[in-house]
Amino acid sequence: MRVTFGLRLDERQGPADHAHFMAPQVGRQGLLGLLETYLGLSGPEVPHAARVAAYLGFLVKANDGQRFYSLSLKADDVGTAAMLLQWRDEWYLAGWAGNALDTSPKKLQDMAVTEALADGAMSPGEGERLNQVVTMLRAGNRIPVASVQLVEDISLYPFAWRQVLGLLEVHAAPPMNATARGDLGRLQGMVVNAVETGRVAETFELAGDGSFRVAQARSCEMAEHWLSAICRAEEADRLVLCEEGGDALDATLSATGGSACGFGAPSDLRPALQTIGLALETCWTPVDVPRMMEFLVHPISPLGFAAGRALARALADKPGIGSDSWEAAKAVTAETEKGKEVLADVAFWLEGDRWTREEGAPVGHLAARAVRIGDLLTRLVLASGDEPTGASSAIGQCKAVIAGLEEFQRQGIERLGPRQIEQLLAESTPGGATNPHATSQVGCLKSAVTAAVCNIEPVAEVVWWMPSTPALPHPHPWSQAEVAALGMLGLELRDPAAELAALSKQWLRPLLAATKRFVLVLPPPGREEHPVWQLIKQLAPGVKADSIDRELHNLELAALAPVVPRVRLTAADQFIELGRPIASRREKQSFSNLNDIFNNPALAVLKDVASLRTGTVLSVAEGNQLLGTLGHRVIEKLFQQPGTLAWSAEQATAWFNDMVDPLLTAEGAPLLMPGESLKLHRFKHICRKAVCTLLAHLQRAGALRVRTELELDGTFAGHPFVAKLDMLVDLPEDRTALLDLKWSRAKNYKDVLRTGRYLQLALYAGVVREHFKALPATVGYFIFDGAELMVTQGGVFPNETVVAAKSGVPASLEAILALAIATWKWRQAQWAEGKVEWVDKRFGKLAELGEAGTLALEEVGRYDGDHLVLLGAWEE
């Protein structure tokens, strides 16, 4: 077996020109696994998270409070253990024996103390595994490896690897040479000379033979389509080096008739990898509502799609656990085929025991959750395969988390906090997961994700796709004295300066691999220039990047791709003529629908007549929307209590204090989240004061009964109409008062009353008259923030704020209702003619667009942007 070995060859993608039977091309993990297999050293892989957890145990045992890591361990134990384990593994690769001298710095001595405790009890890292290989080879064990061809200079390999390679037949890395002719060949020779000598000795002018080319587009998408067109039109032995953005390039290649290369684009944000993190988040109280929503709507949910969605809608309606919406969703779930099983899962994940973030969650409970998620993912893979979900990586993540938790249990650690769990998850998924749909397709280009693998086989054409900002070697995290002390122990640490010099040679590999043509596709303007491009500009000062957007579009894409004519976006006219009458589809009108019909008929047609609905994204209410909803619920619950109108302020306060916490748990959980204590305190203070003040107003008015959240059916202009009243107060002498509850903006609602724009109250008052034979004695608003009651008529509520109407505006409910009926008839007459008006500022001011004898137009559609775009409101 003749092995080709490079430090990063494990990242090579392919495809290859020919088979490599008995001639593997491998990196560090590949060759180490090969040697261990032939020497009988193979064993089950120990997850990195389990090694971190185990090393943490030894650090804790060695910690006497005076170690160099003591404070760090107290602040972030898992993160500290992961960092120190990285040090330990790097030291073993450099030849460490786990010891320290009496004269060694404190860090080395503390690490040696920990190593003495861990001796033989830690799963081996790469360096220790290589030491076992060396021992077996020196003992005379034979392996079927005839030779090893190195890709890098042997001095760049870690000490432990050099020990292994010293026992095998090794061929040195070949020198860097030019492989092409023409401009490309000359450039190859000059860049090699510049890198090896460290200076630019001469410059040259390109002859323009096409063997070397630089191109740039103003956007990545334009460049992707250009490359796809080139590849479809010109078949060639072509390699694409794409270090970042390969998934986007693959998507464009596939969409335009090409073959995807299979760029994996590893990421920690793959949906399958989020599953266990969201599941473990269910341990905490107070509930993190946004994370809970993510748990419910996640595509891989232990509750299933239907139950998860139902509970998510309940959570969006009333954010908490245990509300009436929540229980209704559970009742619907119970009627399904596996309802009992699903409800048991709901109880386990969402309604079971929870722990505060300060005390931490029991390790056993965390492990039970991790096991359940692992079982779920395994069933998913068995049922549908890995490709749709990418669950295989998540199964490995779960196994790593479970192994880490078992190690914590073995050490006697009883609880873990959120930060520890977060770190454990990070160590369980160090490289993320690739796109499950990123598979190489038949006929795809040769591809690579790093320049380090580009010189294994020559290729006619190399396309270096948008060279990314290079990752430079990290300096040592130890002081010069500590590095010197490690050297006295015999360690041969990596040399960052030598690594940087080797990196500059590595960047030349794509250029040297091309035998006929090299194309450098630069990222869009404004991004950092890669050192290779900077060097090329020094060697060939006249080189310029061709503009894909301008020159190449006219010269090449016109022949490679169809020309799409440019079409201007159009907008509707003020009056849209449909040519036939239209009518509302609604069986019952509501205020919101009438408001659209009156103020912007075109919007009403899209929402009502055309029944167009926007997509639904479940989200939890926040800000004043949430506070207003909770305020309504407080008042609703208040008047559900018997004898409320006779309560004293002290009784009301006591009731509120007992009621508010359960209400917030069931319907206002966002206010209980960490960091929301100020909002919570303010909400309680405002509501407590508002309850007492409102009760005092009602008692002084002699209120007999209060009905809240009352729905009444009635008519408007002879059409069925439904009114949803916040509060209807029964007063002596068969009178009533109609109040709308608002959380804040008292000044705004005073202006509404002053200008006669309280159409909603007027419409609802008309329905009240149908039911109770008279209009309400007064209508108005009660504002929670400030506990202010403002009404249109005095003499009903003592100490209320009476807001008189301005001159020139409708000053009574009768007047507003009359104008509303006139407006309805005007708009219905337009619709009967097939005429629909689009009310928009481009056609004039609102005051200029109305009709005499109707309601003044008001702006609507603040939250209807998706509908307005259909009319042509692009800029909005």
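**Chat notes: loops, cores, strands and cysteines**

Mentor: Asn-799 counts as exposed, with a relative accessibility of 60%. Keep in mind that this is a predicted model.

Trainee: Where is Asn-799 found?

Mentor: In the loop that lies between strand E20 (788-791) and strand E21 (801-802).

Trainee: And what is the phi of Asn-799?

Mentor: Near 70°, which is a positive value in a residue other than glycine. Arg-745 is not a glycine either, and has a positive phi of about 65°.

Trainee: Which loop holds Arg-745?

Mentor: The loop between strand E18 (735-742) and helix H29 (746-754).

Trainee: While we're on backbone, which residues does a cis peptide bond join?

Mentor: Thr-285 and Pro-286, with omega at about 0°. Pro-286 sits in the loop between strand E7 (284-285) and helix H12 (289-297).

Trainee: Changing topic. How many disulfides are there?

Mentor: The count is zero. Take Cys-283: the nearest cysteine sulfur belongs to Cys-398 and is 14 Å away.

Trainee: Is Cys-283 buried or exposed?

Mentor: Buried, because its relative accessibility is 0%.

Trainee: What about Cys-444, which cysteine sulfur is nearest there?

Mentor: That of Cys-261, at 5.4 Å. A disulfide needs the two sulfur atoms within 2.5 Å, and Cys-444 is in no disulfide. Cys-444 also counts as buried, at 17% relative accessibility, because the cut-off for buried is under 20%.

Trainee: OK, the inside. Which residues touch the most other members of the largest nonpolar core?

Mentor: Trp-91, Leu-350, Leu-405 and Phe-408, in a core of 88 residues.

Trainee: Pick Leu-405. What is it in contact with, leaving aside neighbours within four places in sequence?

Mentor: Val-363, Leu-366, Ala-367, Ala-370, Leu-416 and Leu-424. There is also a second, separate core of 50 residues, and its members include Leu-761, Tyr-764, Val-767 and Val-803.

Trainee: Why would nonpolar side chains be buried together?

Mentor: As a general point, that is what they tend to do in soluble globular proteins.

Trainee: Last one, the strands. How many bridges join E1 to E3?

Mentor: Four, between E1 (residues 2-5) and E3 (residues 147-150), and the two strands run parallel. In that pairing, Phe-5 stands opposite Leu-150.

Trainee: And in which sense do E1 and E2 pair?

Mentor: Parallel as well, over two bridges, with E2 covering residues 25-26. Here Thr-4 is opposite Gln-25.

Notes
Residues are numbered from 1 along each chain as its sequence is written. This is a predicted model: local features need pLDDT of at least 70, side-chain atom pairs count only at pLDDT 80 or more; totals for chains, interfaces and linings use all residues. Side-chain values use heavy atoms; hydrogens and water are left out. A nonpolar core is a set of buried Ala, Val, Leu, Ile, Met, Phe, Trp, Tyr and Cys residues joined through side-chain atoms within 4.5 Å. Buried means under 20% relative accessible area, exposed over 50%, partly exposed in between (1.4 Å probe, protein chains only). Contact means heavy atoms within 4.5 Å. Two strands pair if DSSP finds at least two bridges between them.
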